[in-house]
Amino acid sequence: MKWLKRALIGLAVLAGVLVAVALVLPLFISVDDYLPRIEKAASDKLKDPVKIGKIRISGLPVPHVVIEGVTVGKTEDLKVGKVTVTPELTSLFSPTKVIRSIEIGSLVLTQKALDKIPLWSKTEGKPDDPPAVRIRSIRLDDAVVKLDKVTFGPFDARVRLDEKGQPEEASMTTHDGKLKAVVTPEKGNYAISAHAKAWKVPLGPPIVFDELDIKGVASLTNATFSQISARLYGGTAVGKATVSWQKGLQLKGAFDVAQLGLKDLVPILSPGARVAGRLNAKPVFSST
């Protein structure tokens, strides 16, 4: 949840910087002539080198800006194939420029980029000052997140934001359709609802869930999953779990396991081991 929150904020800041600069350019001047200035403005804002392949402005079907070939960081920590930004024209002369939608294609987000997003998302000015840019919706297509030891995706995501720029709802679906998740605000935190089918866990042992349903609440430092229900290896598992990441990744939980087939599961957990039969148990676990 933390990386999702950071990713959304970072993408909004990056797009906002690029758009705020591009929108003030006269439409009758080739935008490519201003690429060095735009790159410098974005680099100064993010405190990291920004490179842009091409920018063009189009008036059909509605006025919008297309930014292609964006990279951020000396080692290309963040890469975007194409960003399409559609502004609210009536806001161009207002203190806060309103972006109707941002469509981001072929995003690659690395662990280094996730670590830098708190720096990228720092705002300048007084807290009561109106924001320079407000975004109504963000659309991700063909996105990939590359962590240190695992790659997640490709997936598509949709985010709707409120008047304060906070997510009203975010949804994510992997391209293979095996995992779907919805995140909505709930009393200062975020309610999470996820469903998976024939899904392999991206971290740890490659356990495959025939079906998995999860409901819980997450903050910026931890997540509590109060309802976890799964069918796997001919059996079922029902329980609860908490995950925290403020001081390293910590996982705790308790499950009620019934009729879990051991023949295929044990070799995944302990390569070379062979055990047959079915397991009924109530395991309690805690790991860091």
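**Exercise 1.** Is Lys40 buried or exposed, and what is its relative accessible area?

*Solution.* The structure is a predicted model, in which local features need pLDDT of at least 70 and side-chain atom pairs count only at pLDDT 80 or more, while totals for chains, interfaces and linings use all residues. Residues are numbered from 1 along each chain as its sequence is written, and side-chain values use heavy atoms, with hydrogens and water left out. Accessibility is sorted into buried (under 20% relative accessible area), exposed (over 50%) and partly exposed in between, with a 1.4 Å probe and protein chains only. Lys40 has a relative accessible area of 54%, so Lys40 is exposed.

**Exercise 2.** Find the salt-bridge partner of Lys40 and describe where the pair lies.

*Solution.* A salt bridge is a side-chain nitrogen of Lys or Arg within 4 Å of a carboxyl oxygen of Asp or Glu. Lys40 forms one with Asp44, and the closest N and O atoms are 2.9 Å apart. Both residues lie in helix α2 (residues 35-46), four residues apart, which is about one turn of the helix; helices here are DSSP runs of H or I with at least four residues, strands are runs of E with at least two, and both are numbered from the N terminus. An α-helix has 3.6 residues a turn, so residues three or four places apart point the same way. Asp44, at a relative accessible area of 42%, is partly exposed.

**Exercise 3.** Work out which strands are joined by the salt bridge between Arg158 and Asp141.

*Solution.* The closest N and O atoms of Arg158 and Asp141 are 3.1 Å apart. Arg158 belongs to strand β7 (residues 151-161) and Asp141 to strand β6 (residues 137-146), so the pair ties together parts that are 17 residues apart in sequence. Arg158 is partly exposed at 32%, and Asp141 is likewise partly exposed at 23%. Together with Arg139, these two residues are linked in a network of salt bridges.
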